[in-house]
Amino acid sequence: MRMIRWNKTKQCKGIRQAGRILFGTALGAMVIAAALSVPQFMGTMSYVEATGETLSGNGIINRTSDYVITDDDRAAADEDMLYYMQSLEVRYHLDAKVMEQLHKVFDSAVYYIANTEMSVTELWAYVASTKGLMESTAVSTVSMSTSEFLQVADNWATPTVSYGQKVSIVLPIVNFGTEELNDLIVEPQTSTLVTDWPFEPDMTNYLQTEPFIPGNKTKEDAMANRREFTFIFTVRSDVMSGYYPLKFNISYTKGGIRCEEPAELTVYVKTVGRPGSGTIGGSGQEASGAKPRIVVTGFETNPAQVFAGDTFTLTIHVQNTAKDMAVTNVLFDMQAATEGNDTTNTYSAFLPTSGASSVYMDSIGPNTAADIVIEMTAKADLAQKPYVLDVNMKYDAGMMFDLTDKASVSIPISQESRFDTSIPEVVPSDITVGSQSNVMFSIYNTGKTTLYNVQVKFAADSIDEASAFVGNLQSGATGNVDVMLTGIAATMDDGTINAEISYEDDAGNVTVVEKPITLYVTEEFYGDGMMYDDMMFDDMMMGDDMMAGEQSGSKKGLIIGIIIGVVVLAGIGLAVFLVIRKKQKAAKLLAEDLLDLERDID
């Protein structure tokens, strides 16, 4: 490699001396134009050197210096770009065609540097842009992968931890690549299975972040620029003895492109379990002589939806995971979560109806499933939420006695939704067609669950349909209904109008309850107490026409007058009859309401 760099450097010096006068101006302009197009690739790659200085002659100057570059600076830049091009070839396994394109970029940059006077700052800025162009040329044909460059540092030592112990795991990560990695996210692959993960899953996530890890040329620089991530774990009380693999996912951004799949790093931790906890082998199964385990594989309730205060049958499915060993004298003890605010007011969420919370089985065969069935009652004042039921297990296996295990299930408890209303106020209670009545009442949420999207709709043949939206009502809250009802037709029944009260529960199920109110709608009366309809009005107009013809004959006018009088008297009688009938119906309904009220009071 040293010979290649030397030949390139000598070639650059020869070109610089022979062609500076004849071709410097023209080719320099061409290369400058190419350099101006390079920044479009700058976002694809970010390169950070391990050091910010470079050699110039026999001294050391900063790469951000305003000094004019020397031949030594040009040689150092050429060597740096050549090394970078060769690293791209190794990293991406580039073919001859892509390498030819990279050599064109490299040769153009060498020629430009050889024939251009610039400062040290300008030189290394140009080198960085050329590297960006090389990177974009290489990655256009390959996928972005950094797993081979992200490694665990040499200072990692496998820790030894014991059951129940709180430990700090420090993960050192180094970047052996020459490109900077940005926006790193490191997260362990956790599990609830004791065979896969030795720590308690006591957090929803253990995610950690790092802004960047610089690229490096040497192993020493990579170790110096490593990043260390500290994770706090609690070792499971039932952890097995042996070596557990700890796997970590690492996501990152390189050259402005987010990785498609995270890199994976694996380290190991040595665990010391309780006596009789068994050992873990390479396949995840316990070695010979280790204790078998009983795991809970699921549960179900009958009825499927359990309400507070209900008695239900709980069936828990368990399985002996041992492949060649049965468990005997198996005792399951179910302990529900403790509710209450203080030590003087605590109780279990579920109580067994038989008074005993334990279930006994003679044995469970190897790799065999079994069911635990117990009848329980949920406390009537439980809030609507899931409640944990711990399943404590004690059993024997071969020559091992009093082995223990524990599992938990979460049983969701629902609350019956309930509400009540005040006595509706209908003002006025009698209206005519086209007029309005104001209906007001309150809705009280008397249950222990929230009523969602409460609304009320009024519908009848005698009124125009109307509605009122109340919204969500928390437990113990009150909502008010205030709506105007418009009469559109005379009441032809007892005046009952149904107010449909609807709401949704937590699952979105809609419940509709009808609340009857009474409102009479009558035809419009005129000032003389007379009710007219279209036919009567036509008759009256006809009477007017007949009266207008009275001038043609007095006898004919007399007959017409008599007819009009009879019609008027008949209309008055009909109006009086309807008014009396209406008052009788109102009195009857009032009496019935008073009777119902007395019954409610009794």
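**View 1. Gln 151 and its place opposite Val 174 in strand E5.** In this predicted model, where local features need pLDDT of at least 70, side-chain atom pairs count only at pLDDT 80 or more, and totals for chains, interfaces and linings use all residues, Gln 151 stands opposite Val 174. Residues are numbered from 1 along each chain as its sequence is written, and side-chain values use heavy atoms, with hydrogens and water left out. Strands E3 and E5 (residues 166–175) pair in the antiparallel sense over three bridges, where pairing requires that DSSP finds at least two bridges between two strands and a strand is a DSSP run of E with at least two residues, numbered from the N terminus.

**View 2. The open sheet of three strands, in the order E3-E5-E8.** The pairing in this sheet is antiparallel. Strand E3 (150–152) and strand E8 (227–234) each have a single partner strand and stand at the edges, so one side of each is left without a neighbour in the sheet. From one strand to the next the twist averages 30°, with axes taken as lines fitted to C-alpha atoms and angles running from 0 to 180 degrees between N-to-C directions.

**View 3. Strand E15 and its antiparallel pairing with strand E19 and with strand E21.** Six bridges join E15 (residues 327–336) to E19 (residues 358–364), and Val 327 has Ile 364 as its bridge partner in E19. Seven bridges link E15 with E21 (residues 385–397), where Ala 336 stands opposite Leu 389.

**View 4. Thr 491 in the loop between strand E29 (478–486) and strand E30 (496–504).** Thr 491 is buried, with a relative accessible area of 16%, buried meaning under 20% relative accessible area with a 1.4 Å probe and protein chains only.

Conventions: Helix = DSSP H or I, 4+ residues; strand = E, 2+ residues; numbered from the N terminus. Buried < 20%, exposed > 50% of the residue type's maximum accessible area, 1.4 Å probe, protein only.
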